[in-house]
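Work through the following exercises with the sequence and the model side by side. Try each task before reading its solution.

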Amino acid sequence: MITQEQFDQEVKSIISNAIREDVGDGDHSSLACIPENARGKAKLLVKDKGIIGGVNFAKKVFAYVDKNLKLEVLIEDGTEVTYGDVVMYVEGSSQSILKAERTVLNAMQRMSAIATKTRMFVDLLEGTKTQILDTRKTTPGIRVLEKWAVKIGGGENHRFALYDMIMLKDNHIDFAGGITKAVEMSKQYLKDTGKDLKIMVEARNLIEVEEILQNDGIYRILLDNFDYEDTKKAVKMIGDRCLTESSGNINETTIRHYAECGVNYISSGALTHSVHNMDLSLKAIK
């Protein structure tokens, strides 16, 4: 995963770009009918149920728009919420509150949906040694928010992007001329560049698992689209030589069965690409 410094920079970039996109040369609706010195107060209202996510992001957005806005947070990230709950109050310049409103809501609605789905998967894995991972199947431009939401929901983050891990998938292996060749070339690349990156290799069947195990220095083996029986066999073959991960069409019905096969991780793109936004709104208090 990326460093805290990289994470913070990604968040700053998302906020500045979101406000640029939404506000442009001015919020003319507010400028037209709300005096510059008008002050107001609003509440962030939950109109749904699930796990709230994005509270700390909202703090950053409000501070970016207007450092003089005052927030009173009643419900923190990762908390279960239901219809009618008030997550926070924001008070200060009415124009500033309105300028930040849509960016806050858009992000929190999606982050809450992801946190909620992640928590469901985490609960399904309770009692096993398996952890749920996200993937790179994220919305372009806001990956850091979606991976942040996975953490809020109790999941773990996979690699952030193409630059923080060597992950040899089927196409890499086929283009390189085979598993062993791809691994050897990757090790040489790391030596030549001085980069310190973990190597993960995807296996499509048990024969490929055997070949991967003939190579030293593998951090994790990805068991892609294996059935339960082959997953159990692969886990037994691998033992403690490296970590294991299952992926491929794993859902709420099958996830527990894969965990009981003994894998360390299960990755699911559905955490971020198949969620229904939580219904939230920001309402002025008269």
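**Exercise 1: A residue in helix 11**

At 1% relative accessibility, Thr272 counts as buried, where buried means under 20% relative accessible area, exposed over 50% and partly exposed in between, with a 1.4 Å probe and protein chains only. The model is a predicted one, in which local features need pLDDT of at least 70 and side-chain atom pairs count only at pLDDT 80 or more, while totals for chains, interfaces and linings use all residues. Residues are numbered from 1 along each chain as its sequence is written, and side-chain values use heavy atoms, with hydrogens and water left out.

Task: find the helix that holds Thr272, and list the residues in contact with Thr272, leaving aside its neighbours within four places in sequence.

Solution. Begin with the helix: Thr272 belongs to helix 11, residues 270–273, where helices (H or I, at least four residues) and strands (E, at least two) are DSSP runs numbered from the N terminus. Next, look for contacts, meaning heavy atoms within 4.5 Å. With neighbours within four places set aside, Thr272 touches Arg110, Ile114, Lys137, Thr138, Glu146 and Val150.

**Exercise 2: The sides of helix 1**

Solution. Finally, ask what the buried residues of helix 1 pack against: helix 3 (55–65), helix 4 (94–124) and helix 5 (143–152).

**Exercise 3: Aromatic pairs**

Task: how many aromatic pairs does a search of the whole structure find, and how are the rings of Phe57 and Trp148 arranged?

Solution. The search gives three aromatic pairs, where rings of Phe, Tyr and Trp (its six-membered ring) pair if their centres lie within 6.5 Å, and planes under 30 degrees apart count as stacked, over 60 as edge-to-face and the rest as tilted. For Phe57 and Trp148, the ring centres are 6.5 Å apart and the planes stand at 90 degrees, so this pair is edge-to-face. Phe57 is in helix 3 and Trp148 is in helix 5, so the pair ties together parts that are 91 residues apart in sequence. Phe57 is buried, at a relative accessible area of 1%, and Trp148 also counts as buried, at 14% relative accessibility. The pair of Tyr228 and Tyr258 is edge-to-face as well, at 4.8 Å centre to centre and with 65 degrees between the planes. This pair links Tyr228 in helix 9 (residues 228–238) with Tyr258 in helix 10 (residues 255–259), 30 residues apart. Tyr228 is partly exposed, with a relative accessible area of 30%, whereas Tyr258 is buried at 10%.
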